[in-house]
Amino acid sequence: MEVYRARRGHSSQDRLQSALPFAAAFPDANDEGAEQSVATAVAPRTIARLRPAERVEIHVSQPEFNFSIVDNFTVQSETSANPVAELSIRRWAGALDAAFLVGVFAGFLELFRSMGGQVGWMRVDLVVYAAAFFLIYALYFSLFTVFSGATPGMQLLCLSAVGPDGEFPETRQLFWRSFGYILSGGTLMLGFLWALWDEDRLTWQDRISRTYVTRIQAANEEDSEHSQGTHSFSHHATVA
């Protein structure tokens, strides 16, 4: 502002506007070299404003997560004594279990009707039927899994749940497997369909309980062949 007034030739007495508080820092416009003095005083400030700001970079290194300590659930390979059962035979076991469940539910409805209840098809009735069917489903899979490690459909096809080492699962694992069945059924069978994308062809209940389904017929056949071989060897030894 002082430089502008100095250029315009106005004196401090002719100014209508009061002097700025920092006007004393600049020389009077009537003095010789006033413009040059003001420009000299303003120049460092202008240069300071035009000077590029220094950029400080701070490198924050994120620590790496070590997942090597996590014990991943791995199953026996197909060449081992207890491989994962094929999806085809597991589908047949699931179909048998579904048939048994439908039969039990139909018997429940027939018992309800025989006791004087009315079977309707309103929206509220369908919700009650769905809740009752899910309850039967949960009890069916939970009881058979905890007490025998296999559902009736699995037992008919010589299937059983085993642990990662191929042995019968612990009680804790069987409870977790029952919870996995309930979770899979509660999500419209999404837990069962997960086996189509899983690299080991495992379902949610398999992953949650760290168990898997295998055929027990092969193990029984190996035991019978071993016993037959031992009996034959002892017979030849007796003859000799």
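**Before you start.** The model is predicted, so to speak of local features a pLDDT of at least 70 is needed, and side-chain atom pairs count only at pLDDT 80 or more, while totals for chains, interfaces and linings use all residues. Residues are numbered from 1 along each chain as its sequence is written, and side-chain values use heavy atoms, with hydrogens and water left out.

**Whole chain.** Start in cartoon view, where you will find 9 helices and 2 strands. Helices (H or I, at least four residues) and strands (E, at least two) are DSSP runs, numbered from the N terminus. Along the sequence they follow the pattern α-α-α-α-α-β-α-α-α-β-α. Of the 240 residues, 28% are buried; buried means under 20% relative accessible area, exposed over 50%, and partly exposed in between (1.4 Å probe, protein chains only).

**Aromatic pairs.** Now show Phe, Tyr and Trp side chains. The whole structure holds 12 aromatic pairs. Rings (for Trp, the six-membered one) pair if their centres lie within 6.5 Å; planes under 30 degrees apart count as stacked, over 60 as edge-to-face and the rest as tilted.

- Select Trp176 and Phe179: this pair is edge-to-face, at 5.9 Å centre to centre and 85° between the planes. Both residues sit in helix H6 (residues 171-186), 3 residues apart, about one turn of the helix. Trp176 is partly exposed at 42% relative accessible area, and Phe179 is partly exposed at 42%.
- Go on to Trp194 and Trp204, whose ring centres are 6.3 Å apart with planes at 50°, so the pair is tilted. Trp194 lies in the loop between helix H7 (190-193) and helix H8 (204-209), and Trp204 in helix H8, so the pair ties together parts 10 residues apart in sequence.
- Then select Phe134, Tyr137, Tyr140, Phe141, Phe144, Tyr181 and Phe192, a cluster linked by ring pairs.

**Surface patch.** Last stop: Leu190, Leu193, Trp194, Leu196 and Trp197 form a nonpolar surface patch with about 520 Å² of accessible area together. Patches consist of residues with over 30% relative accessible area and no salt bridge; like charges are joined within 9 Å, nonpolar side chains (Val, Leu, Ile, Met, Phe, Trp, Tyr) within 5 Å. A salt bridge is a side-chain nitrogen of Lys or Arg within 4 Å of a carboxyl oxygen of Asp or Glu. Trp194 is partly exposed at 37% relative accessibility. Leu196 is in the loop between H7 and H8 and is partly exposed at 44%.

Notes:
Areas by Shrake-Rupley, 256 points an atom, 1.4 Å probe, with all protein chains shown as cover.
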